[in-house]
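Q: Could you help me read this structure? I'd like to go through a few side chains with you.

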Amino acid sequence: QAPPSLAAVEREAPVSGEEVMVEEAAAEEPHAEVLGETGMSQTTEGEAMLAVGHAAYARKDWPAAMKAFQQSAEAGSAEGAWELSLMHAHGKTGVVDKEEARKWLKIAAEGGAVKAQMFLAQMSTFGRGGYEKDESVAFEYLTRAADQGNAHATHQLGVRYLYAVGVEQDLDKAIEHFDKAIELGSADAVK
C-alpha cells in the first residue's frame, strides 16, 4: 500500500501526559530542554518543540502548531520539517503554500524522516505534486527508508529489483529484499 498523498495526510495527534509536560516546560522557557530525574537532558530542542507542535495540533491551535513545528525543523528535527511541510501543504494557518511544503518536505527527507522519504518516492514514481516522474529518484528515497528498517520500502525495493523499475533487474536482490521485508513484518511481502 502506497503512502497517502500530501493532500490526504491528516491526523489527529493524541495528547499524552508527556506531550503536555513537554509543552508546559517549553512554554515556561522557550527552547528549554526537558530534564528527567537525573538532571540529564532526555530530549533535544527539536524533539521538545515537535511535541509542543503535536499538542497544539491536537487542540487545533494551528498558529501554535506551525510555530512549534517551524522551531523544531529549524533546530534540525527531520520530523519537525515533515510536520511543517504538511502544515504548509494543508494551509492550516490560512494559506496553502506548496513551494514551502516542498522545501520542508525535501529537508525532512534529507534529514531522515521516513514518511517524507516514502512520500517523495511516491511523488517521483508517479510524477505528481510538482515532482518529475523519475524512478531513480524514487529508488533512492525508498533505499533510504529501507535502510532505516521500513518494511514497506524494503518490499517496494524487492518489487523494483524484480521488475527492473528504476534499477537493473536483479532477482537475487529482489528475493533478499522480500525476505528482509518479511522479517520487518511486511504483510505484502508474504503474498
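**Charged pairs and a serine**

A: Lys 106 is partly exposed, with a relative accessible area of 42%, where buried means under 20% relative accessible area, exposed over 50% and partly exposed in between, using a 1.4 Å probe and protein chains only. Before going on, note that this is a predicted model, in which local features need pLDDT of at least 70 and side-chain atom pairs count only at pLDDT 80 or more, while totals for chains, interfaces and linings use all residues. Residues are numbered from 1 along each chain as its sequence is written, and side-chain values use heavy atoms, with hydrogens and water left out.

Q: OK, and which side chain does Lys 106 meet in a salt bridge?
A: The partner is Glu 110, at 3.6 Å from N to O; a salt bridge here is a side-chain nitrogen of Lys or Arg within 4 Å of a carboxyl oxygen of Asp or Glu.

Q: Where do Lys 106 and Glu 110 lie?
A: Both are in helix α5 (residues 98-111), four residues apart, which is about one turn of the helix. Helices are DSSP runs of H or I with at least four residues, strands are runs of E with at least two, and they are numbered from the N terminus.

Q: Why can side chains pair like that at all?
A: Side chains of opposite charge can pair when their charged atoms come close.

Q: What about Arg 144 and Glu 110?
A: Their side chains also meet in a salt bridge, at 2.9 Å from N to O. This pair links distant parts of the chain, since Arg 144 is in helix α7 (residues 135-147) and Glu 110 is in helix α5, 34 residues apart. Arg 144 counts as partly exposed, at 26% relative accessibility.

Q: Which residues do shared partners join into one network?
A: Salt bridges that share partners join Lys 106, Glu 110, Glu 140 and Arg 144.

Q: How many salt bridges are in the whole structure?
A: A search finds seven.

Q: New topic: is Ser 186 buried or exposed?
A: Ser 186 counts as buried, at 9% relative accessibility, and lies in the loop between α9 (171-183) and α10 (187-190).

Q: Which residues does Ser 186 touch?
A: Leaving out residues up to four places away in sequence, Ser 186 touches Ala 151, His 155 and Ala 181, where contact means heavy atoms within 4.5 Å.
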